[in-house]
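Work through the exercises below with the structure open beside you. Try each task before reading its solution.

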Amino acid sequence: MEWYLRGVIKLNNIGKSYVTGSQKLEVLKGLSCNIKKGEMVAIMGSSGSGKSTLLNILGLLDSFDSGDYLLSGESMSGLNERAAAKYRSKLLGFVFQSFNLIGFKTALENVALPLYYQSIPRKKRNVIAMDYLKKVGLEDWASHLPNQMSGGQKQRVAIARALVAQPKVILADEPTGALDSVTSSDVMTLLREINADGITMIIVTHEHDIAALCDRTIHLVDGLIDLS
Amino acid sequence: MFNRDTWLEIANTVLSNPMRTFLTGLSIALGVFILVVMQGLGFGLQNGVQNQFSDDAVNSIWVDAGRTQLAYRGNMPNRQVKMRNSDVDAMFQQMDTVHAYSRRVRIWGVVMAHEDQQSNFPLRGVDPDHLMLENTTLTDGRYISSRDVAEETKVAVLGATVVEDLFEGVDPIGTYLLIGGVQFRVVGTFDDPASRWENKMAYLPFTTAQNIFRSSDKVDQIILGTGDMPVADTRSLSDALLSWFKDRKVVHPDDARGVRIENNNEEYERFQNIFLGIELFIWGLGLLTLLAGAVGVANILAIAVKERTKEIGVRKALGASSISVLGLVVQESLALMIVSGSAGLITGVGLLEVVSPMIDHEYFKNPQVDFRIALVALGILAVVGVVSGIGPALRAVSIKPVEALRDE
Ligand SMILES: Nc1ncnc2c1ncn2[C@@H]1O[C@H](COP(=O)(O)OP(=O)(O)OP(=O)(O)O)[C@@H](O)[C@H]1O
Ligand SMILES: [Mg+2]
């Protein structure tokens, strides 16, 4: 009961369906789970099982139809766009499979972007961003543009960007999906280190090797968590 | 609001498709350029015509007598109506206020001689206000004074051509010349650049001229100054004067020639209206061109927003508020408008500056752009920039991060 209360994320009977034309596709069918503060969780499941959908709901990028979602103790039901943006910038960090760095900004500027949206002055922003670039081992690449970097480097920049605003939770959708195995394990090592600092980490992946590096794995089957 | 980051972002999108940006910018610059140049040309035309008007005071009413057209109260048509001193006095008596006035007698071809130079020139007998009513610029000395008129002094004020022909570089002020064999002292000289005609004249005191050269009490013309009376009032004044005169001189009310009154105020107003029309036309044309530019900008922004869908999604995921996304697009539109608009403004003004000194025509002078008009044009640009940015900006705001971020 105690970990339950400390859960940074609590999902209760979450339902989500997509309507395309006359067809209705039920993706999540009353999903419940708890993720404790500081946990590192992998989400696995076959393609189309709803992993990204779940992660988007957790990241307040998408809405859900039914059920309840408590993030850090607060209900996320029926948030408007503005409130969602606020929670995202305060509590959440994102890492994507395709990095999603902004092409015309340098590594440093990319990392500093979340701070820009928190109205932190430019100088201070760059100092903090530099710290995080150091943390991912890319301080020498600060003034490079994304297209001058390798996939692994880009993902590390993206991780620095996800960290820079000191989120409580980092959501990563197949962060190693576009990387080779050596680079993948580097990135995972980095994510583990970050997790060791107490940041909750939720990673969607297809790879068992990656899932094995996490504390536990949630299997999605047919819109529900497979407990078997 | 416009810090280095925003400029960087604006520069990036704007330069991501240089050709498209250039063409859009060009259409805006062209719109402003056309607006500015046409404005300048219109202004030049106005200046020129205004200058023609400056021959005479704008606020004046001119009274003339001529031959009647219609038989009236026992008088045959084709009768020469004569204005006399007594008529003028009676007219002043029944008027409430007389702001300024001058009677005129004209004598054609009088021999004027100074030392061994002599030539034929017309002369005019005038009152002191004639200086202002005819818009004469004195170049030296003084004009006819009321004392001259009262005492019938024999003084003359000479036009530039007269001075040139008779004095050959000698300063004429204080010297004497013979006008029709009578000795006059030159007290002043003038130059009337708007009327070369006037420069061939000698002005004498009205009374002197009437007595010596007319030997009757006939007055050729009366000019009334209307001061700062509103145009409507001058209209009723000239109407009232006309019927008063017709009645006094027994002229049929429908007769258009016997007594004529011309109201310069009205004339001027008519021109002002024409210029207002021209100005509206110019503005309309310029604004339409600007509108075309604005549609271009809206278009380029809409495409840019579409191309940046993913980026905007990322920004939102990183905490960008709707306002900041809105600002991103609107600022871009503003920047595009102001930069290319200023380019058009500067080239337009520059062209006028270069061309202006080369143009010298009677009806076309000093084509220039009013600084205020330039400011107004920039203001309009800014508004148009914001307005054309709003559509694409709202589209950008409505982008949902999930949809933008979905990997295809
Ligand atoms: N916006 C949408 N509109 C309609 N259907 C959608 C939408 N987004 C996702 N879906 C459908 O929902 C189901 C779950 O999609 P989701 O992206 O969550 O799967 P996933 O588990 O992440 O798959 P993958 O492993 O291939 O990434 C799929 O069948 C997908 O086609
Ligand atoms: Mg997915």
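Predicted model: local features only at pLDDT ≥ 70, side-chain atom pairs only at ≥ 80, totals over all residues.

**Exercise 1. The interface**

Describe the interface of chain A and chain B: its extent, its polar pairs and the makeup of the chain A side.

*Solution.* 
1. Begin with the contacts. On chain A, 23 residues touch 22 residues of chain B.
2. Turn to area. The two chains bury about 2,100 Å² between them, with 58% of it on carbon and sulfur atoms.
3. Find the main contributors in chain A. L61(A), F104(A) and Y117(A) lose the most area to chain B; together they give 29% of what that side buries.
4. Look for polar contacts. Two residue pairs qualify, both at pLDDT 80 or more.
5. In chain A, α3 (81-91), α4 (107-116) and α5 (122-135) each supply at least two residues of the side that touches chain B.
6. Sort that side by class. It holds ten nonpolar, five polar and eight charged residues.

**Exercise 2. A salt bridge within chain A**

Which residue forms a salt bridge with D62(A), and which parts of chain A does the pair tie together?

*Solution.* 
1. Take the total. Over all chains the count is 23 salt bridges.
2. Find the partner. D62(A) pairs with K16(A), and their closest N and O atoms are 3.4 Å apart.
3. Apply the cut-off. A salt bridge requires such atoms within 4 Å.
4. Locate both ends. D62(A) sits in the loop between α2 (51-58) and β4 (66-71), and K16(A) in strand β1 (residues 7-20), so the pair ties together parts 46 residues apart in sequence.

**Exercise 3. Two helices of chain B**

How do α11(B) and α12(B) cross, and which residue classes make their contact?

*Solution.* 
1. The axes of α11 (residues 322-355) and α12 (residues 371-397) of chain B come within 7 Å and cross at roughly 145°.
2. Assign the hand. The crossing of α11(B) and α12(B) is right-handed.
3. Count the classes. Their contact has 19 nonpolar, seven polar and no charged residues.

Key
Residues numbered from 1 in each chain as written. Chains lettered and ligands numbered in written order. Heavy atoms only, no water. Contact = heavy atoms within 4.5 Å. Buried area = accessible area lost by both parts, 1.4 Å probe. Polar contact = N/O pair within 3.5 Å; in protein donor to acceptor, adjacent residues only side chain to side chain. Helix = DSSP H or I, 4+ residues; strand = E, 2+ residues; numbered from the N terminus. Nonpolar A, V, L, I, M, F, W, Y, C, P; charged D, E, K, R; others polar. Axes fitted to C-alpha atoms, helices over the stretch in contact; angles between N-to-C directions. Left-handed = near helix turned anticlockwise from the far one by under 90°. Salt bridge = Lys/Arg side-chain N within 4 Å of Asp/Glu carboxyl O.
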